[in-house]
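Thanks for coming. I will keep this short and go through one structure, starting with its covalent links. Please have the sequence and the model in view.

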Amino acid sequence: MAKTTSMASFSYNRWGIVPLIRLLSILFAASVISGEPPSVVPSACKRAYGVGGGSFTEEFCLSALTGHSVGAADNADLALFTVDLAAANATATEAKIDSLLGGSGAASEGLRSCRALYDAAVHVYLPDSHAAVKDGKYVDAKLYLSKTAQVPVDCERWFEQRNVASPIDKEDDNLAKLANLAIALTSIA
């Protein structure tokens with residue numbers, strides 16, 4: 001009788017596991033159908049932060065990429081997406097600078113200097129970065145992205161050297177972080 005109980009117990013477990021496996025399969029299929037594939041973002045952010053030299057945080061990476069980079073299959077896709085984010089940031093900052101120009105004084109002089117720097121980022125460095133990442137030319141991409149990362153540093157330096165408050169310090173900070181994140185993602189692509 002003990003054998004029958006063992007057999008019954010085994011039989012129950014076997015038949016209890018099968019429905020569980022089916023349920024898990026259905027849940028997995030539902031997540032795939034809903035368009036939410038497993039994300040490469042968390043592991044990419046962890047690795048990018050490791051090679052980023054402290055120029056951005058892992059949390060910054062996660063907030064920049066999570067939910068916005070659906071469809072990214074690998075680190076190269078994320079690098080390309082981050083270059084596009086940096087381009088959008090730089091373009092918006094360039095527009096903000098244009099709206100703030102027109103006055104006189106130290107801030108306006110600084111904004112004109114920053115405008116020239118952002119013009120290079122928007123029209124040269126970031127398009128070249130995009131093309132290089134897309135073509136898998138990561139050494140070239142990192143060169144252009146390094147130039148992009150230098151733009152906000154030079155812009156803020158102008159204001160700091162003259163003890164003038166920068167009206168675009170938040171935008172400069174974001175561009176620096178995005179450019180450095182793109183460099184790090186390109187490094188691990």
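The structure holds 2 disulfides, a disulfide being a pair of cysteine sulfur atoms within 2.5 Å. Before I go into them, a word on the source: this is a predicted model, where local features need pLDDT of at least 70, side-chain atom pairs count only at pLDDT 80 or more, and totals for chains, interfaces and linings use all residues. Residues are numbered from 1 along each chain as its sequence is written, and side-chain values use heavy atoms, with hydrogens and water left out.

The link of Cys-45 and Cys-61 is left-handed, with -80° about the S-S bond. This pair connects distant parts of the chain: Cys-45 sits in helix H2 (residues 41–51) and Cys-61 in helix H3 (residues 58–65), 16 residues apart. Helices here are DSSP runs of H or I with at least four residues, strands are runs of E with at least two, and both are numbered from the N terminus.

Are these two cysteines buried or exposed? Cys-45 is buried, at a relative accessible area of 0%, and Cys-61 is buried, also at 0%. Buried means under 20% relative accessible area, exposed means over 50%, and partly exposed is in between, with a 1.4 Å probe and protein chains only.

The other disulfide is formed by Cys-114 and Cys-155, their sulfur atoms 1.9 Å apart. The torsion about the S-S bond of Cys-114 and Cys-155 is about 100°, so this disulfide is right-handed. Cys-114 lies in helix H5 and Cys-155 in helix H6, so the pair ties together parts that are 41 residues apart in sequence. Cys-114 is buried at 0% relative accessible area, and Cys-155 is buried at 0%. Counting bonded cysteines along the chain, the disulfides follow the pattern 1-2, 3-4.

Now the overall picture. The protein has 7 helices and 0 strands. Of its 189 residues, 33% count as buried. Take the contacts with a separation of 6 or more: residues 24 or more positions apart account for 69% of them, where contact means heavy atoms within 4.5 Å. The protein exposes about 10,800 Å², and carbon and sulfur atoms supply 60% of that; the areas come from the Shrake-Rupley method with a 1.4 Å probe, and for residues only the protein chains shown count as cover.

Next, helix H6, which carries Cys-155. At 1.5 Å a residue, the 24 residues of H6 should span 34 Å, and its end C-alpha atoms are 34 Å apart, which agrees. The expected span is 1.5 Å times one less than the number of residues. The buried residues of H6 include Leu-145, Val-151, Cys-155, Trp-158 and Phe-159. What covers the buried residues of H6? The cover includes helix H4 (75–100), H5 and H7. Just after H6, Asn-163 takes a positive phi of about 55°.

The structure holds 1 aromatic pair. Trp-158 and Phe-159 form that pair, edge-to-face, at 5.3 Å centre to centre and 75° between the planes. For the cut-offs, rings of Phe, Tyr and Trp (its six-membered ring) pair if their centres lie within 6.5 Å; planes under 30 degrees apart count as stacked, over 60 as edge-to-face and the rest as tilted. Trp-158 is buried at 10% relative accessibility, and Phe-159 is buried at 1%.

Last, the charges. How many salt bridges does a search of the whole structure find? The search finds 7, a salt bridge being a side-chain nitrogen of Lys or Arg within 4 Å of a carboxyl oxygen of Asp or Glu.

In H6 (residues 138–161), Arg-157 and Asp-154 are 3 residues apart, about one helical turn. Arg-157 forms a salt bridge with Asp-154, the closest N and O atoms being 2.9 Å apart. Arg-157 is partly exposed at 37% relative accessibility, and Asp-154 is partly exposed at 26%.

In H5 (residues 106–134), Asp-119 and Arg-115 are 4 residues apart, and their side chains meet in a salt bridge at 3.5 Å, N to O.

In H7 (residues 169–187), Asp-173 and Lys-177 are 4 residues apart, about one helical turn. Salt bridges that share partners join Glu-94, Asp-98, Arg-115 and Asp-119 into one network.
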